[in-house]
Amino acid sequence: MEELKNIPNHVAIILDGNGRWAKEKGMPRNYGHMQGAKAVEDILVDARDIGIKYLTVYAFSTENWSRPEAEVSALMTILRNYLKTSIKKSMKNNVRCRVIGERSLLSADIQKAILELEETTANNTGLTFTIAINYGSRDEITRAVRKVAQKVENGEIKAADITEKMIAENLDTAYMPDPDLMIRTCNEQRISNYLLWQCAYTEFYFTPVAWPDFNKAELLKAVEAYGNRTRKFGGLKTE
Ligand code: IPE
Ligand code: IPE
Ligand code: MG
């Protein structure tokens with residue numbers, strides 16, 4: 001492989017196809033989710049080795065509650081285990097972990113595990129790894145708008161003072177730059193309520209590979225494709 005150029009600073013991933021991957025093997029969907037969680041663990045280290053600084057993965061959407069109860073509960077169990085083992089691994093790999101999404105609807109023990117993971121890894125300086133859990137962009141934007149509206153209601157600002165920056169600062173993602181590259185696996189080409197505001201100028205990459213099979217070689221392909229694109233941000237000049 002030729003030397004990589006223009007490595008994306010922030011890569012966001014819609015990990016998709018766990019269910020189909022398992023079905024193809026004659027296995028239950030939850031087996032696919034388990035293997036999917038392993039793929040997340042591995043891709044973290046690969047992303048860091050490639051030189052990516054921010055990695056943001058979509059683990060559970062606000063719409064995913066509409067899946068059968070047994071699947072939702074299996075996903076929560078996988079999440080619990082993931083959060084538990086993540087602390088040690090993140091400390092070893094210098095990874096700072098964060099979670100975006102409306103966490104108040106998650107069970108109390110998961111909320112506690114999230115806080116513990118975030119606090120323990122807060123000062124790590126390597127990759128910033130964000131997991132989107134009970135995340136939906138429309139929900140996130142609605143919550144941000146409520147916070148800004150509260151300031152207007154309190155008389156702290158006027159409606160005319162509201163800026164794009166103010167909205168962005170009230171999103172769950174306020175601490176991270178916008179994604180440079182968005183990857184979605186398993187042949188789906190839609191955004192499914194993920195980072196709508198943040199992806200205004202993001203490059204998209206779609207692959208037929210199902211998430212549990214996504215590995216460093218696949219990530220390199222995406223990064224390489226990104227490196228060969230020209231980003232213009234509306235103007236005539238490249239960045
Ligand atoms: C992605 O795999 C994981 C989650 C959405 C939690 P899916 O569960 O969506 O797998 P498919 O799309 O049904 O194959
Ligand atoms: C998007 O995948 C959500 C996550 C990856 C967590 P879905 O599989 O739920 O999305 P749709 O329903 O196919 O759009
Ligand atoms: Mg899916």
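Buried means under 20% relative accessible area, exposed over 50%, and partly exposed in between, with a 1.4 Å probe and protein chains only. This is a predicted model, in which local features need pLDDT of at least 70 and side-chain atom pairs pLDDT 80 or more, while totals for chains, interfaces and linings use all residues. Residues are numbered from 1 along each chain as its sequence is written, and side-chain values use heavy atoms, without hydrogens and water.

**Whole chain.** Of the 239 residues, 48% count as buried.

**Tyr135 and Tyr194.** Select both next. Their ring centres are 5.8 Å apart and the planes stand at 90°, so the pair is edge-to-face. Tyr135 sits in strand S4 (residues 128–135), and Tyr194 in the loop between strand S5 (181–184) and strand S6 (203–206), 59 residues apart. Both are buried. For rings of Phe, Tyr and Trp (its six-membered ring), a pair needs centres within 6.5 Å; planes under 30 degrees apart are stacked, over 60 edge-to-face, the rest tilted.

Tyr58 forms one aromatic cluster with Tyr135 and Tyr194.

**Phe204 and Phe206.** Move to these two. How are their rings arranged? The centres lie 6.1 Å apart and the planes meet at 25°, so this pair is stacked. Phe204 is partly exposed, at 30% relative accessible area. Phe206 is partly exposed too, with 30% relative accessibility.

Conventions: Chains are lettered from A and ligands numbered from 1 in the order in which they are written. Helices (H or I, at least four residues) and strands (E, at least two) are DSSP runs, numbered from the N terminus.
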